[in-house]
Amino acid sequence: MTSLIQRLGAGDAAVADELFALVYDELHAVAQRLFARQPANHTLQPTALVHEAWLKLAGNDIGWESRGHFFSVAARAMRQVLTDKARAQRAERRGKGRQKVTLDEELVAAPAGCDIVDLDDALQRLAAANQRHARVVELKLFAGLSLAEIATVLAVTPRTIQLDWRSASAFLRHVLDSPQTP
């Protein structure tokens, strides 16, 4: 996989399909975890999420350095797709309520049933306060990486990531549980 990522980063577009075939199952598993507790009539399904995220990834000229870097960028793309869809649906309803996206409780630092737009807003606030904490949350929630894998991607110790995750989780719970001001 690393070889394919490096070849693609060097401009060899012919390996894109091969790379997609290799990472598809992992990306789809992450997407399935994100949607595990969603109603059957949810407008965006895991397969569509993976394909839309892949289109975002393939459309950018990103020089991926490693498997971890690839999944970090993929996590951000999946987050953007989910957030963009939720914002568009919210705008269509013009205040008739929010679509709730329930994330897997084992993964999420936010309360079950949190709104994906609210989660994205909270992650932006977290990034303003501490960029690495926001990356840890993004890699855990949207890429499905373990804390040990995140430590490797971010080139820090697993203990640092455990502490970052604990701190970021508390921050997100606080922000998401706080009453919203209109």
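A residue counts as buried when its relative accessible area is under 20%. The structure described here is a predicted model, and by that criterion 45% of the 182 residues of the protein chain are buried.

**Overall architecture**

The protein chain contains 8 helices and 0 strands, and its elements, read from the N terminus, follow the order α-α-α-α-α-α-α-α. Of the contacts in the protein chain between residues at least 6 apart in sequence, 63% join residues at least 24 apart.

**Aromatic residues**

The structure holds 4 aromatic pairs. Two of these pairs are set out below.

| Pair | Distance between ring centres | Angle between planes | Geometry |
|---|---|---|---|
| F20 and Y24 | 5.4 Å | 70 degrees | edge-to-face |
| F70 and F71 | 5.2 Å | 85 degrees | edge-to-face |

Planes over 60 degrees apart count as edge-to-face; the planes of F20 and Y24 stand at 70 degrees, so this pair is edge-to-face. Together with W54, the residues F20, Y24, F70 and F71 form one aromatic cluster.

**Packing of α5 and α6**

Helix α5 (residues 116-129) packs with helix α6 (residues 131-142) at an angle of about 145 degrees, and the axes of the two helices are 6 Å apart. On the α5 side the contact is made by I116, L119, L123, L126, A127 and A129, which meet Q131, H133, A134, V137, L141 and F142 of α6. The residues of this contact comprise 10 nonpolar and 2 polar ones, with no charged residue.

**Helix α7 and its surroundings**

Within helix α7 (residues 147-154), the residues I150, A151 and L154 are buried. These three lie on the same side of α7, because they cover an arc of only 105 degrees around the axis. The buried residues of α7 pack against α6 and also against α8 (158-177). Just after α7, A155 adopts a positive phi of about 55 degrees.

Terms used:
Residues are numbered from 1 along each chain as its sequence is written. This is a predicted model: local features need pLDDT of at least 70, side-chain atom pairs count only at pLDDT 80 or more; totals for chains, interfaces and linings use all residues. Side-chain values use heavy atoms; hydrogens and water are left out. Axes are lines fitted to C-alpha atoms, for helices over the stretch in contact, and angles run from 0 to 180 degrees between N-to-C directions. Helices (H or I, at least four residues) and strands (E, at least two) are DSSP runs, numbered from the N terminus. Contact means heavy atoms within 4.5 Å. Ala, Val, Leu, Ile, Met, Phe, Trp, Tyr, Cys and Pro count as nonpolar, Asp, Glu, Lys and Arg as charged, and the others, Gly among them, as polar. Rings of Phe, Tyr and Trp (its six-membered ring) pair if their centres lie within 6.5 Å; planes under 30 degrees apart count as stacked, over 60 as edge-to-face and the rest as tilted. Buried means under 20% relative accessible area, exposed over 50%, partly exposed in between (1.4 Å probe, protein chains only). The arc is that of the directions from the helix axis to the C-beta atoms.
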